[in-house]
Amino acid sequence: MRKAREKKPAPGFRQGESEGLGSRRLKERAASDYLRFMQARDILSLTPAGLYCPLADVHIDPLRPVPRALITHGHSDHARAGHGAVLATAETLAIMAARYGESFCGSAQAVRYGERVTLGPVGVTFLPAGHVLGSAQILLEAGGLRVVVSGDYKRAGDPTCPPFEPVRCDVFITEATFGLPVFRHPDAGGEIDKLLRSLALFPERAHLLGAYPLGKAQRLVALMRQRGYDRPVYLHGAMERLMQLYEAFGIPLGDLRRVEPGSRESLAGAVVLCPPGALQDLWARRFPDPVTAFASGWMRVRARARQRGVELPLVVSDHAGWDELCSTIRETGASEVWVTHGAEEALVHWCTREGLAARPLHMLGYGDDEAEAEAVAETAGAEPAA
Amino acid sequence: MNHFAELLDRLAFEPRRNAKLRLMEDFFHTTPDPERGYALAALTGGLSFRNAKPGLVRALIAERTDPVLFALSYDYVGDLSETVALMWPAPAPGGAGHNAAPPRLSDVVEGLSQTAKTELPGLMARWLDALDETGRWALLKLITGSLRIGVSARLAKTAVAALGGVDPNAVEELWHGLSPPYEPLFAWLEGRAERPESLVVAPFRPPMLSHPLDEEEFSRLDPADFCAEWKWDGIRIQAVRELTADGRRVVRLYSRTGEDITASFPDLCEDLLAQEAFVGTIDGELLVLRAGRVESFNVLQQRLNRKAITPRLMQEFPAHIRAYDLLAEGGEDLRPLPFVERRRRLEALVARLAGRRVDLSPLVPFASWEELAMARARPGEAGAGIDAEAVEGVMLKRRDSPYVPGRPKGLWYKWKHDPHLVDAVLMYAQRGHGRRSSYYSDYTFGLWRSGPEGDELVPVGKAYFGFTDEELKELDRFVRRETVNRFGPVREVIHTGERGLVLEVAFEGVQQSTRHKSGIAMRFPRINRIRWDKPPREADRLDTLARLLPRGERATTKAGKT
Ligand SMILES: [Zn+2]
Ligand SMILES: [Zn+2]
């Protein structure tokens, strides 16, 4: 991430500059007239590449390579490689560099939480989303209208990233990964206690804990450390790099050790973190009488846990649950809500009942980070199997 | 209740028997009376709540949630209790029920038994308000009687027995004299009180079980030390008839696991009640007899599958006991006696019985193992007569064997029929459970039949055991390499005439099935051998199985199902 910070300022994002389609259109009429009648869809529209701000000529979390992109956070369904200029938090840029290599985009520019960047007539501010390290909501302001693209977010506490900051806005754009009222995430600490109790009851069994490698894994370790668990936590090879990255950003995770080839038999009573896909992999076989644990918001529903053969489901989510989605929408004071992906139908129904204008965007391409975890597992499986 | 709910939650996901035991032991150890006793009752199926029906639960949630959101949620979760448990809105801070203490399991048991039906919705709502998601799930599963956590009553009793380091059979023997919350039982197991003497009339006595005969051991056994009898293909049962202190007659029928199944067989009970010559416990096989002939297990199953016991059902499928052993008579425990002595007492008893519901399972005479092997191969000619089809094999019992509950070594053996074998082609594979969840260990296989476009494979069964760990690895490798299609956890593997894998499948018999596309289901199929050498084209045809169907069932299957 040091390298990302050292990058030259991205030409695409110099303050006050905008060469996009929006500015050309803008020249055609008097700016003041235009801004008076501005609507949300002038600030943000839906294109095949994803959400697009014509006034600033920039995409947000684009699904395919674009000239200029704002990235909310490092999960691979939001942060893709191959864009021209990228504006994101330093942490997100570091995560992207770690995943895709230093040349993941033409030019990268880091932005601090709360710092206002002007792109043509649009003010852009990144604010904490509480989802993973570096995750941000993006506030777009133009013509007195405020639009917030929240990316992925959660409201529950997380020792590895700053908490979500509610922002007053006119239009709130939200995910709905867990947009059904059955998804009420319990206190994550209580779920960690379940794991610790199981370790005490089955000290001869290795506890394989499946977790998404970015965000979830670090949060789990940090929560275990908060609860006084000071033994080494073992890592699947695919987990190591991002753990180091978190530590480099000043988040202590304690004694972490890679599972060495041939050492699996000796890990009785240990916690072993791995990508969810690895739980069913050849890799998982040689641990002593393993307990298969999986930490995810999906574990709230029993059939989902059983489907994966999970024996110790831990309901720990980095996405907002139903109650958090509803209370967040209320807090923003938005009169209009767009739902990007997830269980859109239920949340749109709720908004409508609350008297809010709501529309589902039916955006394909954003997952629940699960796709990401599986992808990582596949590459990990391709490593020497030992 | 939350503590118990957490146990249920953990048990529901834990596939390993030993781990389930450990979880329960830990719970019984750390939970006070009477909570653990009611938990034991719940785990052994000893609690039933008449008033609480799914309709009540639906009505409660309908008052509290938006119908559209409920429908979307139910659709996603797929289980009513679970949907309600997860959706139930938390009471508003400051409102009624906010931060109320969660009910204990004993509160729930007492509350449900003492509350009038009209008061029940209010009571339920207060409990649901006070519990967390897992607690609500457990409560709703418990009261609607749909708790499925993969724990048998026997396993729960085994966990309790471990508390006092006693044999589970010791708990089993006391069981029917005890009632929830079992405080005297826990007191005894923890060494705080004497063994609670069984108060029950007609108690269950855990049965003695046999070992499969392994051919090597066989050669070391002396035929003169053993009696042989037929192993009937029915349901092992214990029939107890006793008199209470005030002279009332009591009859109980128990399954092999100690489940009281008396209510399912009023015909048999009525007959036994009238048998004044009989006071004691018979170990035998439950069979259906028609016109003096033992019917197949398929026929017996038709009676067992029915919930309502109608006079018509009893007439059509008359229940019968074929007696193997006598465990007690006239208050005397016969179990320490040698088999031949018990057998003499049994023969004398059956001879005194009136009626036709109980008869004696005959001994099979033999002088050498060869002679017994002949009898086993042709039971019809060795004394089983018209009942030969219901013979599953032979039992060998040491003449001097006492009746020892459980599966003691070296006393009783079962020598079953050689299984049927068929060469089938592997078609689909699915991941296993628990420690096998990383392997493709459940195999669906098929046989050839002629279809509209020439020969085609039709699935005939599924097997998930019979192979060694080494073979499992090879099979798993084959599946991963030869996958042609994926459907969720299931992989379709290549199965053409030229390419694919032939499995030699062993099984005990066949029956008609509407569930299977082939119209035939195998009993107890398992992988006998992997035929890496055999091309799929040379595997067996469906007709091979159809020929094994009992005569009456053959025609319909041949007519063909698609
Ligand atoms: Zn994300
Ligand atoms: Zn996402």
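These are legends for a set of close-ups of a predicted model.

**View 1. Two zinc ions share A:Asp152.** The zinc ion called ligand 2 is held by A:His78 through NE2 and by A:Asp152 through OD, at 2.1 Å. A:Asp152 also reaches over to the other zinc ion, ligand 1, and bridges the two metals, which lie 3.6 Å apart. The two residues come from distant parts of the chain, 74 residues apart: A:His78 belongs to the loop between strands S4 and S5 of chain A, and A:Asp152 to the loop between strands S10 and S11 of chain A. How buried are these two side chains? A:His78 has 2% relative accessibility and counts as buried, and A:Asp152 is buried too, at 0%.

**View 2. A:Asp187 sits in a loop of chain A.** The loop in question runs between S11 and helix H6 (188-201). Is A:Asp187 buried or exposed? With a relative accessible area of 56%, A:Asp187 is exposed. Look for A:Ala156 as well: its C-alpha is 8.0 Å from that of A:Asp187, while the two are 31 residues apart in sequence.

**View 3. Chain A meets chain B.** Each chain brings 35 residues to the contact. Together they bury about 3200 Å², with 53% of that on carbon and sulfur atoms. On the chain A side, A:Arg285, A:Arg302 and A:Glu311 lose the most area to chain B, and those three make up 22% of what that side buries.

**View 4. Salt bridges cross from chain A to chain B.** There are nine of them across this interface, and the count of residue pairs in polar contact is 17. Which parts of chain A take part in touching chain B? H6, helix H9 (302-307), strand S17 (312-314) and helix H11 (344-353) each supply at least two residues. By class, that side of chain A has 17 nonpolar, three polar and 15 charged residues. For one of the salt bridges, find A:Arg205 and B:Glu14, whose side chains meet at 3.5 Å, N to O. Both belong to a salt-bridge network that also takes in A:Asp289, A:Glu311, B:Arg10 and B:Arg16.

**View 5. A:Arg219 and A:Asp318 form a salt bridge within chain A.** The N to O distance here is 2.8 Å. A:Arg219 is in helix H7 and A:Asp318 in the loop between S17 and helix H10, so the pair ties together parts 99 residues apart in sequence. Both ends are tucked away: A:Arg219 is buried at 2% relative accessible area, and A:Asp318 is buried at 4%. The whole structure has 69 salt bridges over all chains.

**View 6. B:Glu276 and B:Arg241 pair up in chain B.** Their side chains meet at 3.1 Å, N to O. B:Glu276 is in the loop between helix H14 and strand S5 of chain B, and B:Arg241 is in strand S3, so the bridge ties together parts 35 residues apart in sequence. Which end is exposed and which is buried? B:Glu276 counts as exposed at 51%, whereas B:Arg241 counts as buried at 1%.

**View 7. B:Glu329 bridges to B:Arg345.** The closest N and O atoms are 3.2 Å apart. Strand S7 of chain B carries B:Glu329 and helix H17 carries B:Arg345, 16 residues apart. B:Glu329 counts as buried, at 13% relative accessibility.

Note on methods:
Residues numbered from 1 in each chain as written. Chains lettered and ligands numbered in written order. Predicted model: local features only at pLDDT ≥ 70, side-chain atom pairs only at ≥ 80, totals over all residues. Heavy atoms only, no water. Donors = N, O, S within 2.8 Å, 3.2 Å for Na, K, Ca; no water. Helix = DSSP H or I, 4+ residues; strand = E, 2+ residues; numbered from the N terminus. Buried < 20%, exposed > 50% of the residue type's maximum accessible area, 1.4 Å probe, protein only. Contact = heavy atoms within 4.5 Å. Buried area = accessible area lost by both parts, 1.4 Å probe. Salt bridge = Lys/Arg side-chain N within 4 Å of Asp/Glu carboxyl O. Polar contact = N/O pair within 3.5 Å; in protein donor to acceptor, adjacent residues only side chain to side chain. Nonpolar A, V, L, I, M, F, W, Y, C, P; charged D, E, K, R; others polar.
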